[in-house]
Amino acid sequence: MFNNIGVSGLVLILAIALIVFGPSKLPQLGRAFGDTLREFRNSTRSIVEDDEPADKASIKNETTKLL
């Protein structure tokens, strides 16, 4: 999706963000974005971990029934 953004594109995006939000708000926005990304990653990881044991247990039960 972002394969075509180079260094000049990133500089342009940062300059526009600096103009729109101002220098005092940028660290707060970056911190909020990082916290949101971390929370999303942790929740998706917990969902995947919750699904794996249930799948292994159901496979084990099915194989036991077949034997």
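This is a predicted model: local features need pLDDT of at least 70, side-chain atom pairs count only at pLDDT 80 or more; totals for chains, interfaces and linings use all residues.
Colleague: Is I19 buried or exposed?

Modeller: Exposed is the label for a relative accessible area over 50%. I19 has 71% relative accessibility, so it counts as exposed.

Colleague: Which residues form the nonpolar patch on the surface?

Modeller: The nonpolar patch is made up of L12, I16, I19, V20, F21 and L29. Together these residues have about 620 Å² of accessible area. Helix 1 is the element that gives the most to the patch, contributing 5 residues.

Colleague: How do I check the length of helix 1, and what do its end C-alpha atoms show?

Modeller: Work from 1.5 Å a residue and compare the result with the ends. Helix 1 covers residues 7-21, which is 15 residues, so it should span 21 Å. Its end C-alpha atoms are 21 Å apart, in agreement with that figure.

Colleague: Which residue follows helix 1?

Modeller: That residue is G22, and its phi is positive, near 85°.

Colleague: What does A17 touch, leaving out residues up to four places away in sequence?

Modeller: With those left out, A17 touches G22 and L26. A17 itself lies in helix 1. Buried means under 20% relative accessible area, and A17 counts as buried because its relative accessibility is 18%.

Colleague: How many residues does the chain have, and what share of them count as buried?

Modeller: The chain has 67 residues, and 3% of them count as buried. Its accessible surface comes to about 6300 Å². Carbon and sulfur atoms account for 65% of that surface.

Colleague: How many helices and strands does the chain have?

Modeller: There are 2 helices and 0 strands.

Colleague: Which residue forms a salt bridge with D35?

Modeller: For a salt bridge, look for a side-chain nitrogen of Lys or Arg within 4 Å of a carboxyl oxygen of Asp or Glu. By that rule the count is 1 salt bridge. D35 pairs with R38, and their closest N and O atoms are 2.9 Å apart.

Colleague: Why are D35 and R38 separated by about one helical turn?

Modeller: Because they are 3 residues apart in helix 2, which covers residues 26-66.

Colleague: What are the accessibility values of D35 and R38?

Modeller: D35 has a relative accessible area of 39% and is partly exposed. R38, at 44% relative accessibility, also counts as partly exposed.

Technical notes. Residues are numbered from 1 along each chain as its sequence is written. Side-chain values use heavy atoms; hydrogens and water are left out. Helices (H or I, at least four residues) and strands (E, at least two) are DSSP runs, numbered from the N terminus. The expected span of a helix is 1.5 Å times one less than its number of residues. Buried means under 20% relative accessible area, exposed over 50%, partly exposed in between (1.4 Å probe, protein chains only). Accessible areas come from the Shrake-Rupley method with a 1.4 Å probe; for residues, only the protein chains shown count as cover. Patches are made of residues with over 30% relative accessible area and no salt bridge: like charges are joined within 9 Å, nonpolar side chains (Val, Leu, Ile, Met, Phe, Trp, Tyr) within 5 Å. Contact means heavy atoms within 4.5 Å.
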